[in-house]
Amino acid sequence: MTAAVVILAAGAGARVGAGSNKVLLPLGTVPVLAWSVRDALTLDDVRRVLVVVRPGEADDVAAALAPHLGDGEVGIVEGGATRHGSEWNALQALRGEIESGEVDVVAIHDGARPLAGRALFTATIAAARERGGAIPCVRLPGLLALDGRALPAELDGVQTPQAFRAAALLAAYTRADADGFDGTDTAACWTRYTDLPVAAVPSSPRNLKITFPEDLELALRLR
């Protein structure tokens, strides 16, 4: 059994204040995107790594990644108008391997989360094989509602990589395409169109998402 990892790099990243795609910004001497791509390529049971890019950015992304891949191979897929559309495009690119059984789990990750690490990828893929789906979660204490009320201390934030059994995930997205459903993340489509559970995999705040300029400095300190 082998997995595929899909890394989403098709966001605009306007809030980070970059004139280009934020995942191509340097984090140390390596682009943000390359951190997750390199981790995925070193996982023992990963057969395919796909990077989903904005239309017109395939050459720029390939050129930015090339010096950091070693002997690894990465596929480039053009994204859709939404996150869901980008995920659907990636699943269609993997359809043959999923339907043949060569790929049994697909993990989908935000390219703007460079510090997820190999252990979290491994844990979510393993949990997906066992349970059906898996998402990394981290406790979010001290949150307030818009009206100032304290929210329950047990609330968790959801991160990526999110991993799912490949055949069921492809079937879910195929149904979603027929219905015109557009989910906010992979788990939203999974829970709508399958009866399989989603396991919570413990994560940490270290797996931050690069959203604002100061996040780059913080990630550099945490790496």
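Student: What does it mean to call Ala167, Ala178 and Asp179 exposed on the other side of helix 5?
Tutor: The model is predicted, and exposed is a label for a relative accessible area over 50%. Ala167, Ala178 and Asp179 are given that label, so each of them has a value over 50%.

Student: Which residues of helix 5 are buried?
Tutor: They are Ala166, Leu169, Leu170, Ala172, Tyr173 and Ala176. Buried requires a relative accessible area under 20%.

Student: What covers the buried residues of helix 5?
Tutor: The cover includes helix 3 (83-99) and strand 6 (103-110), as well as strand 9 (162-165) and helix 6 (186-193).

Student: How does the reach of helix 5 from its first C-alpha to its last compare with what is expected?
Tutor: Helix 5 runs over residues 166-179, 14 residues in total. At 1.5 Å a residue the expected span is 20 Å, and the helix reaches 20 Å. Just after helix 5 comes Gly180, with a positive phi of about 75°.

Student: What makes Asp110 count as buried?
Tutor: Its relative accessible area is 7%. The cut-off is under 20%, so Asp110 counts as buried. Asp110 is placed in strand 6. Leaving out residues up to four places away in sequence, Asp110 touches Ile7, Leu8, Ser36, Arg83, Thr160 and Lys209.

Student: Thr160 has a peptide bond to Pro161; what kind is it?
Tutor: The bond joining Thr160 and Pro161 is cis, with omega at about 15°. Pro161 lies in the loop between strand 8 (156-158) and strand 9.

Student: How many aromatic pairs does a search of the whole structure find?
Tutor: The search finds two.

Student: Why is the pair of Phe164 and Trp190 called tilted?
Tutor: The ring centres are 4.9 Å apart, and a pair needs centres within 6.5 Å. The planes are at 40°. Under 30 degrees would be stacked and over 60 edge-to-face, so this pair is tilted. Phe164 is in strand 9 and Trp190 is in helix 6, so the pair ties together parts 26 residues apart in sequence.

Student: Are Phe164 and Trp190 buried or exposed?
Tutor: Phe164 has 0% relative accessibility and counts as buried. Trp190 also has 0% and counts as buried.

Student: What makes the pair of Phe181 and Tyr193 edge-to-face?
Tutor: Their ring centres lie 5.8 Å apart and their planes are at 75°. That angle is over 60 degrees, so the pair is edge-to-face. Phe181 is in the loop between helix 5 and helix 6, while Tyr193 is in helix 6, twelve residues away. Tyr193 counts as buried, because its relative accessibility is 9%.

Student: How do you know that the charged end of Arg38 sits over the ring of Trp35?
Tutor: The charged end is 5.5 Å from the ring centre, where the limit is within 6 Å. The label also requires a position within 35 degrees of the ring normal.

Student: How does the radius of gyration of the protein compare with that of a compact globule?
Tutor: For 223 residues, a compact globule would have a value near 17 Å; the protein has 17 Å, so the two agree. Of the 223 residues, 48% count as buried.

Note on methods: Residues numbered from 1 in each chain as written. Predicted model: local features only at pLDDT ≥ 70, side-chain atom pairs only at ≥ 80, totals over all residues. Heavy atoms only, no water. Helix = DSSP H or I, 4+ residues; strand = E, 2+ residues; numbered from the N terminus. Expected span 1.5 Å × (residues − 1). Buried < 20%, exposed > 50% of the residue type's maximum accessible area, 1.4 Å probe, protein only. Contact = heavy atoms within 4.5 Å. Phe/Tyr/Trp six-rings, centres within 6.5 Å; stacked < 30°, edge-to-face > 60°. Rg over C-alpha atoms; globule rule 2.2 N^0.38 Å.
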